[in-house]
Amino acid sequence: MSGHGKDETEGGQIHSGEEKGPPLKSGDEVLQIIKKGAEFTQELLKENERLRYRLVQAEEENFSLRKASLEGVSGDELSKLQNRLESLETEKKQILERFKRVEDENKDFANRYLEIENENNNLANLYIASYQLHSTLDFKEVLRIILEIIINLIGAEQFAVMMLDEKTHQLNAVASEGIEKEDVPPIFLGTGVIGNVAKTGESYFKEDLSHKGTIDPTDPIVCIPMTIKERVIGVIVIYSLLQQKDKFTNLDYELFTLLAGHTATAVFSSKLYSESERKLSTIQGFIDLLTK
Amino acid sequence: MARFRILVVEDSPTMRQLITFTLKRLKDVEIVEASDGVDGLKKISAGKFDIIFTDINMPIMDGLKLVSLVKNDPANKDIPIVVITTEGGQEDRDRALALGANSYITKPIQATSLLATATQLLKI
C-alpha cells in the first residue's frame with residue numbers, strides 16, 4: 001500500500017513521481033490519474049475484502065482450535081472424572097454393603113445381648129434359689145426357703161410341700177401357702193396325679209393354668225417330684241398362681257428342675273442332721289450318766 | 001464412697017438376696033438391707049438413701065406403714081420409694097401410690113424391670 005503513496009492527491013493537485021514542480025496536467029492525464037485512483041480503490045477494496053475474509057478464517061480457525069483444544073481437555077478430565085465416579089460408586093456400594101452387614105451384626109448382637117441378659121437373670125435366680133436352699137441344715141428353715149422360692153421366684157399363690165412316708169407309702173403335707181396343711185389330704189403312692197408323680201418321678205404340668213376360684217387339693221396345676229437320684233422323697237404341689245402370673249416361662253421350668261433336685265437334698269440333709277443331732281444329744285446324755 | 005445408696009427392706013432372705021444381687025449390677029451403688037419396716041426406719045435415720053425398695057407384707061411393720069412414715073418425714077420425703085409385693089391388683093397399687101410410693105413392682109420380680117425402675121428413679 002505504501003507503494004501507492006507517491007501517486008496520492010494532495011490539496012487538489014496531482015503530483016507525478018517523474019515530474020519536478022507543479023506543471024499543469026492535461027485532461028487525459030487527469031483521467032489517467034482518476035482511473036488509477038479508481039483502480040487503486042478497487043484494489044484497496046479487494047484487499048480489504050481479502051483481509052476481512054482472512055480475519056473470519058482466522059477467527060474460525062482460532063475458534064475451532066480452541067474448541068478442539070477444549071474438547072480434548074474436557075474429554076480427558078471427563079474420562080478421569082468418570083473413572084473416579086465409578087470407583088466412588090463402587091466404594092459407596094461396598095460401604096453400604098458393609099454398613100448393612102454391620103447393622104445386621106449389630107442387630108444380632110443386640111438380640112444376643114438380650115438373650116444373655118435373660119440368661120444372666122435366670123442364672124441369678126437359680127443361683128440364689130440354690131444358695132438359699134443349702135444355706136441351712138434346719139428342716140423348718142429349709143421348708144420356709146422352699147416356700148419363699150415358690151412364692152417369690154415362681155409366683156405361686158396356693159401350694160403345698162408333701163413328704164413321702166416310706167413306711168406307709170403315703171404323701172403328707174408338711175408345709176403350705178395359701179391353703180391349710182390340714183386341707184391337703186394324705187395321698188397314697190400311685191394314686192391320682194400327685195401319687196403318680198411320686199411313683200414315676202416325672203413332673204406334671206396342667207395345660208390350663210387359669211384359676212377357677214376354689215381348688216381341688218387332688219387336682220394341682222403343677223406337681224414336681226423331690227428326688228435324690230431316682231428316689232422320690234416328696235412332691236411340691238402347686239394349685240394356683242399369683243393373679244399377675246398367667247403362664248410359665250423357661251426360667252420357671254428351670255426352677256422346677258432345680259427344685260426337684262436341690263429341695264430333695266436340702267430336705268434330706270436337714271433331716272439327717274436333725275436326727276444325728278438328736279442321737280448325739282441322747283448319746284451325750286448316756287455318757288454323762290455313766291461318767292457321773 | 002458410692003454415688004448412690006439403696007435401701008432394700010424385705011423380710012424374705014431369698015428375695016432380699018435376689019434384689020440386692022440384681023441392684024448390685026448398677027454402677028457405683030451401695031446397698032443396705034433391712035428385714036422389716038422398723039429395721040428399715042432405723043437404717044434411714046442412720047444414713048442418707050437415694051432410693052428405697054420395700055416389700056409390703058412384712059412382720060413388725062409392713063411396707064405401707066414404712067412408706068407413710070418416710071413420706072411424712074420432711075427430712076426424707078423426697079427419697080423415691082419402690083414398693084414390691086405379691087399383690088398385683090390395681091387397688092393395692094393405688095393404695096401404695098396414694099401413700100406416696102413412686103413406683104410399684106409385683107412379684108415374681110423381673111431383674112430387667114427392677115433395674116429399669118432403679119435407673120429411672122435414680123436418673124442414672
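The largest nonpolar core in this structure has 74 residues. Those with the most contacts inside it are Ile150(A), Val235(A), Ile236(A) and Val237(A), together with Ile52(B), Phe53(B) and Val83(B). The largest share of this core comes from helix H2 of chain A (residues 139-154), which supplies 10 residues. Keep in mind as you look around that this is a predicted model.

**More on the core**
- Which residues does Ile150(A) touch, leaving aside its neighbours within four places in sequence? The contacts of Ile150(A) are with Ala156(A), Phe159(A) and Ile236(A).

**Where the chains meet**
- On chain A, 16 residues are in contact with 16 residues of chain B.
- Sorted by class, the side of chain A that touches chain B has 8 nonpolar, 7 polar and 1 charged residues.

**Chain A as a whole**
- You can find 4 helices and 8 strands in chain A.
- Following the sequence, their order is β-β-α-α-β-β-β-α-β-β-β-α.
- Chain A has 292 residues, and 21% of them count as buried.
- Among contacts in chain A with a separation of 6 or more, 59% join residues 24 or more positions apart.

Technical notes: Residues numbered from 1 in each chain as written. Chains lettered and ligands numbered in written order. Predicted model: local features only at pLDDT ≥ 70, side-chain atom pairs only at ≥ 80, totals over all residues. Core = buried A, V, L, I, M, F, W, Y, C linked by C-beta atoms within 7 Å. Buried ≥ 20, exposed ≤ 12 C-beta atoms within 10 Å, placed from the backbone. Helix = DSSP H or I, 4+ residues; strand = E, 2+ residues; numbered from the N terminus. Contact = placed C-beta atoms within 7 Å. Nonpolar A, V, L, I, M, F, W, Y, C, P; charged D, E, K, R; others polar.
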